[in-house]
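Please consult the structure alongside the numbered points.

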Amino acid sequence: MVIAESLSLHLRGCSESDTADHMRQNHGAWVSGGTIHRWIQDYSRRLHGFLSLFKPRLKGSVHADEVIVKVKKEREYSWGAIDRRTKFKISGPLTLTKSYRMGAKPLYEKLRDGCEGLPPTIVTDKLGHYRRAFNKYFYHTGVKMVHGVPIACRKHGLKHNNNPIERENERIKTRTKTMKGFKSHVSCKQFLDMLDTMHNFIKPSMALKGNYPAEQAGIKLPLARNRLLLLIQISAMAF
């Protein structure tokens with residue numbers, strides 16, 4: 001219970017030190033910020049391994065993009081995609097550069113092989129890596145690509161805009177901007193994976209009228225009130 005609440009508080013916006021203080025004052029649990037940091041790393045690995053056993057079903061257009069995060073004061077790129085209809089986030093790699101081989105290619109491979117069904121459309125900005133990856137994994141599949149959609153399309157309400165992934169990127173930026181960067185590539189990736197787990201399985205989506213992206217994507221786990229605690233317990237029993 002202490003671990004699940006600590007993780008939830010930190011992922012929802014509290015700093016490690018504020019989370020530790022909350023647990024001490026409200027539960028008498030003496031944990032340090034460093035302990036919470038290690039819990040994020042540990043349970044990110046555990047949950048990522050467990051949840052990789054499930055394939056979300058794609059139901060709407062998929063929107064792909066990369067977002068900048070700071071690691072040791074340097075820019076790195078977190079690649080991802082989101083299903084417009086289910087709001088399920090497909091987590092991609094974290095790369096040092098805007099790389100086709102390390103970024104766009106594995107993201108599109110995951111979209112094809114790590115998901116159920118094919119999206120009707122994949123929407124991206126003008127980065128050429130996305131078209132190259134689409135041609136490798138989705139050419140001749142019947143999936144349509146809308147490539148080169150500028151961010152300005154969102155304010156004009158055009159039919160094919162990249163609003164879903166732009167909103168998703170803002171979610172990541174809002175949470176990470178107060179952290180003043182990450183100390184390592186690995187810890188950054190583990191934190192981002194936990195954020196996506198929270199988005200998909202733990203926090204109800206206003207866009208889905210209080211439902212959860214994972215359930216909308218066909219991943220139905222017996223999670224009740226304390227969803228993160230139950231997800232940790234279920235993953236522990238699976239291995």
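What is the volume of the largest pocket? The answer is about 530 Å³, where a volume is the space filled by probe spheres set on grid points that are joined across faces, edges and corners.

1. Basis of the note. This is a predicted model, in which local features need pLDDT of at least 70 and side-chain atom pairs count only at pLDDT 80 or more, whereas totals for chains, interfaces and linings use all residues. Residues are numbered from 1 along each chain as its sequence is written, and side-chain values use heavy atoms, with hydrogens and water left out.

2. The largest pocket. A pocket is defined on a 1 Å grid over the protein atoms alone, as an open set of points where a 1.4 Å probe fits, with protein on both sides within 12 Å along at least five of seven lines; lining residues have an atom within 4 Å of a point. The largest pocket is lined by 18 residues, of which R167, E168, R171, H199 and K203 are the closest to its centre. Helix α7 gives the most, with six residues.

3. The whole structure holds 11 salt bridges, each being a side-chain nitrogen of Lys or Arg within 4 Å of a carboxyl oxygen of Asp or Glu. One of them joins the side chains of K89 and E168, at 3.1 Å from N to O. This pair links distant parts of the chain, since K89 belongs to strand β3 and E168 to helix α7 (residues 163-176), 79 residues apart. K89 is buried at a relative accessible area of 5%, and E168 is buried as well, at 3% (buried means under 20% relative accessible area, exposed over 50%, and partly exposed in between, with a 1.4 Å probe and protein chains only).

4. E66 and K98 meet through their side chains in a salt bridge of 3.3 Å, N to O. Because E66 lies in strand β1 (residues 62-71) and K98 in the loop between β3 (89-95) and α4 (100-113), the pair ties together parts that are 32 residues apart in sequence. E66 is buried, with a relative accessible area of 10%, while K98 is partly exposed at 40%.

5. Within helix α8 (residues 185-202), D193 and K189 are four residues apart, about one turn of the helix. Their side chains form a salt bridge of 3.0 Å, N to O. D193 is buried at 10% relative accessibility, and K189 is partly exposed at 22%. Elsewhere, salt bridges that share partners join K89, E168, R171 and D196 into one network.

6. S187. This residue also lies in helix α8 and is buried, with a relative accessible area of 6%. The side chains of S187 and S184 are joined by a polar contact of 2.9 Å (a pair of N or O atoms within 3.5 Å; within protein, one must be able to donate a hydrogen and the other to accept it, and residues adjacent in sequence count only if both atoms are side-chain atoms). Residues up to four places away in sequence being set aside, S187 touches H37, Q41 and F182, contact meaning heavy atoms within 4.5 Å.

7. I234. Helix α10 (residues 227-238) contains I234, which is buried at 16% relative accessibility. Apart from neighbours within four places in sequence, I234 is in contact with F50, P222 and L223. I234 and L47 are 187 residues apart in sequence, and their C-alpha atoms are 9.6 Å apart in space.

8. Positive phi values. K72, in the loop between β1 and β2 (74-83), has a phi near 55 degrees and is exposed at 59% relative accessibility. K209, in the loop between α8 and α9 (213-216), has a positive phi of about 60 degrees and is exposed, with a relative accessible area of 80%.

Key
Helices (H or I, at least four residues) and strands (E, at least two) are DSSP runs, numbered from the N terminus.
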